[in-house]
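Please read the following note with the sequence and the model open beside it. The points are numbered so that each may be checked separately.

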Amino acid sequence: MFRLLMYIGLAFLVPGLAAVGFAVYEGPVSWGVDAVTFWGVPVSLFVFWIGLAHAGTLLSAIFLALNVSMDRRTALLAELSTLVCLIIAAIYPLIHLGVIGNFYMVAPLLDARGNFANVRSPLVWDFCCIAVYGLLSLLFFVLHLIGGAKSNMLDGIVKIRRSMAWLLFPLVLWVHTIVSLDFATTFVPEWRGAFFPAYFIAGAIFSGLAMVNLLLCVENYRVRLLEKLMLVGSWVLCALWLWNFLLKGDFCVSAFVFAGVLPQFLLVENVRESRILRSMVCFSILLGMLLERIFLVAPTPQVSALAGISDSSRWVDWGLIAFGVGCFIHLFFAVRRWLSKPIENDEILMGDVDEVKESEESASERNARAKYFPPLTTPEYRVLRLPVLFGILVSLLFCIWTVSSNADSNIQVSLISVVPVFFPIVVLVASVILCAKPLWYVFESRARWCFVGVCVLLAGLFGAFYAGGSSMPAASESRETRAEHAEDMNSYARTIMIWNSRCSACHGVDGKFNEKFIREFYPVPQKLTQQRLDSLGLDSLVKVVLKGRVNMNPYGDRLSEDDARALVRYMRSIAPIDSVVIEDSLATDSIPVEVVP
Amino acid sequence: MTPLIHALACLLVLGLASFLWRGKITLLKESLLILAFFLLSVLFTILAGDLRDPNMELYPFRMLALCLCFSATTLHSKRRRYLVLAQVFWLWVELFGSLALFYRGFDVPWLRLVAIGGIAFGSSFLSRINREMEFCLMVFWIAVWTFF
Amino acid sequence: MMAAGFALFGCRDGLLGSSSGSRKLPTLGDFEDEVRRAVAQGGRGFELVKVPMPGSIKSSLSTVRSQDSANRFGMAIDLDVCDGCGKCILACNMENNVPLVTEDEAAKNRFMHWIQICGGVPFMCAHCGDAPCEKVCPTGAANHTPDGLSAMMYKRCTGSRFCGANCPLHARKFNFNDAQALGLARKFNDEVPQRGKGVMEKCSMCLQRLQNDRLRFKTEVGVAKAAGVPVLGSGEWRGRGVQTACSEACSKHAIIFGNWLDENSELVKVASRRELYAPSVVAGLDPSVVYMRGRR
């Protein structure tokens, strides 16, 4: 069965991959986009898949936190689907970008050029939240697997799992809230909605539930509670659509039919009891929500003919959709097959495994609670509140750093703009602290090394983001040499003028650096000292001026060789001034210039 | 929207809240009730407010959040947990609503956010919530709703 | 799979970069034809509302931290004089090396022009003081200069198109195609870089002209200081005498460029005698490009 599904997934995946390859190669022109809406199918698919990714953590974390009993198999399946969906959701924004190689600039870190990402942008929040969410749901899933595999070490794991659940619970909702803000903070009339967080989360949970129910149908297994929740979800969404319609007058009929009307068949007992009909209802919900997302992203008349796919879109749009579907089916069932033992290992106890553990645990907790603890030493404080407190501290430091880094670059970061990145960092720090100790003791030595390796990898990633890509010198093109401004000046004044107009933007009027400009655009150039100039020699310096070097642009097309020679001589003459401080207002003036690529 | 109608919304919500969590709590019944309340708040917003005002986009959701806060006091078990959750829901609606509105040129109501956040944080430390404490909380919420 | 993806976007640069050898260049006539076509097709006009003079009230919302800047460049377009001839578009294209678009795109009215004739009136980026595009740009490629311009740093653009989605005027243009490889671009002006594929662009208020004038001014002041000659005026650059390509090209003198914070600039002198309007969608965002009509 799973093998068959894997092949079906592959059948979707292969054309999907071709479409992804084409889309990546051709850029945004390949899918149906509009000069006015600009966003296309990849963004809709991103929102759709990130919504599906909520199911897992919702089911296991929120239910665990709220003491709703859920059997291990459903929870594990849901968590696994979360991970797979997250991977898919992370690919789409990359496809969406026009210059994919620059994606690292979105990370809210200071980079080697002294540039900080614009923390006011919802995309930066997205990046943070999704990265943290992905990491932590992986951790949560691993904890769950270990908890099932090694019953002797359960105690520590189960305890931190519950604390983790309390941390993840708000994070899940936070992530999708932030995704909704991508839309809600804009001026697009169709995306006008301060209520979008609630709207998106309702949609995400609804589609996530449909996904889990569909997966459970495949397992030939059902959880009544989830079906009821799905039904309630459809009502909630209908109410939200109504409000959206009243506010803005746009309404997606096909989404309403597929995700609003058809689920009501679950009220009919015959439909509910039949596995095939049930899965068809789940599928129709997923379809409806997909159409709804497409409609939401591109609500122009020509695109919304079928709430999305019409003649304006191309095969690539279909291919991108197929890629998501195929990738999910293939990856999910591959992992499902691989992990079938831990997922199915307590078949007999299904339905009450967690409850047994939980009741034991809560009994011991109750005993603990009955005792008296002096302030700040209760288990709750030590286990959960202390890491959270530490996380808040780290997060505060980060926010202060962010705001102060942006202060000198004309960007006014207001307090509320850093709020969205605040919480993910708190959760990240808190859960790393929370899990570090128990996980360290649970793993054998080899796994510990793996863990250290992952840490090194992460540090390397941060380093790569910090260093950024190289900036290549602009390709030299043959252009005729242009005379500089004034012709009637003597050659020395002319050289000074060329230096001041062409070189001083980076090298400074006095041969020092114009630090502000350089930090913004390029890595700091070599300092021009007398010794260095002497060691390089006249000819090679002239060559550097004309042909360019590393980050210096070539000036051969704008300067004659004589000019370059005169410049080098001028450079020599100002180099010794290096140590003397001269008061010159020009050197400190920032000069915003468009960078010549 | 005039202050009087704004206060009336609070009263309406207080009345509605008493219908929630009565008798045996079942998922379908309670969710239908909450949805009905939501639709009522939508109706109230349409009748009492100007839909072109972006502040109104949030209004039914704020009413619903307040309703959940009020109704959480009538719960029999796990009252503290759900009180905190309801208040966090309210905070969440207000915080992200005002964040979205901030990008469209509205001021952030910091006082309201801090007040709700403060009371939510504070009530997570309450060990026993008795009648008087409930009353205090409700008065505080009403004050936040009408004045901040 | 990821590896395949990375390999692919690695070669996007390599393949397209190498094709520059056999590049055919469009003629000036092609550009003129396209402008004529764009003017004929036109666009839907924007609703205009009255606004105060830019720079007259210091907006608390303004994205610029340094409110004490001496310059805020902007334009005023005279609606009583402008007849939507489209000369400004052609001048702008040649000044800023704006590429042509394919036949397909032109049919859908998607030109790369930085100026669009909507309802018979030229519309370009309004260089809002509280620019929504700058707020949502994740990398800070869309930024605000101390001179009040909404500038674009092409090298830092990731092409997320968030700014384009958030611009109420739709003044931002995205390089969907590699115009240079398709033979749709021509470099008329050496001072403006040609934009690559996947990058956002828009009206820069002829930043290069302003920069050249600033450099000339500073150099002259510097040379004069070094020579011991007293400097005329305050020694502060106010951008006097600079013209944008569109204002220079307008034979009816309908586009007036200047410094809103300089009482002596022609812009302030003319605009203070007229009623000022701005598209209602950006009127609240403190635009620097406004429209004049009637007498005050």
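1. A definition is needed at the outset: a residue is called buried if 20 or more other C-beta atoms lie within 10 Å of its own, and exposed if 12 or fewer do. The structure discussed here is a predicted model, and the term is applied to its coordinates throughout this note.

2. Which strand pairs with β9(C) in the antiparallel sense? The partner is strand β2 of chain C, residues 73-78, and the pairing extends over 5 bridges. Within β9(C), G258(C) stands opposite G74(C).

3. A further set of pairings in chain C involves strand β10, residues 274-279. L48(C) has P279(C) as its bridge partner in β10(C). Strand β10(C) is also joined by 4 bridges to strand β11 of chain C, residues 289-295, again in the antiparallel sense. Here R274(C) stands opposite R295(C) in β11(C).

4. A loop residue of chain C also deserves attention. C167(C) is placed in the loop between α6 (162-166) and β7 (173-174). Is C167(C) buried or exposed? The residue has 28 other C-beta atoms within 10 Å, and the cut-off for the buried class is 20 or more, so C167(C) is buried. Not counting residues up to four places away in sequence, C167(C) touches P132(C), C133(C) and R172(C). P132(C) is 35 residues from C167(C) along the chain, yet their C-alpha atoms are separated by 6.6 Å.

5. In chain A, the secondary structure comes to 23 helices and 0 strands. The chain has 597 residues, of which 44% count as buried. Among its contacts between residues at least 6 apart in sequence, 75% join residues at least 24 apart.

6. G27(A) provides a local example in that chain. The residue lies in the loop between α1 (2-26) and α2 (41-52) of chain A, and it counts as buried because it has 25 C-beta neighbours inside 10 Å. Leaving aside neighbours within four places in sequence, G27(A) is in contact with G98(A) and also with K197(C) and G198(C). The C-alpha atoms of G27(A) and V99(A) are separated by 8.2 Å, although these residues are 72 apart along the chain.

7. Chain B averages a pLDDT of 88, and 100% of its residues score at least 70. Its lowest confidence is in helix α6 (residues 131-147), with a mean of 89, and its highest is in helix α3 (residues 59-72), at 92. Chain C averages a pLDDT of 82, with 86% of the residues scoring at least 70. Over residues 9-21 of chain C the pLDDT is below 50, and this stretch has 8 contacts in the model beyond near neighbours in sequence. Residues 59-66 of chain C also stay under 50, and the model has 23 contacts for them beyond four places in sequence. Where pLDDT is low, the predicted coordinates should not be read in detail.

8. For the complex, the predictor gives an ipTM of 0.93 and a pTM of 0.83.

Key. Residues are numbered from 1 along each chain as its sequence is written. Chains are lettered from A and ligands numbered from 1 in the order in which they are written. This is a predicted model: local features need pLDDT of at least 70, side-chain atom pairs count only at pLDDT 80 or more; totals for chains, interfaces and linings use all residues. Two strands pair if DSSP finds at least two bridges between them. Helices (H or I, at least four residues) and strands (E, at least two) are DSSP runs, numbered from the N terminus. Two residues are in contact if their C-beta atoms, placed from the backbone, lie within 7 Å. pLDDT is the predictor's confidence in each residue, from 0 to 100.
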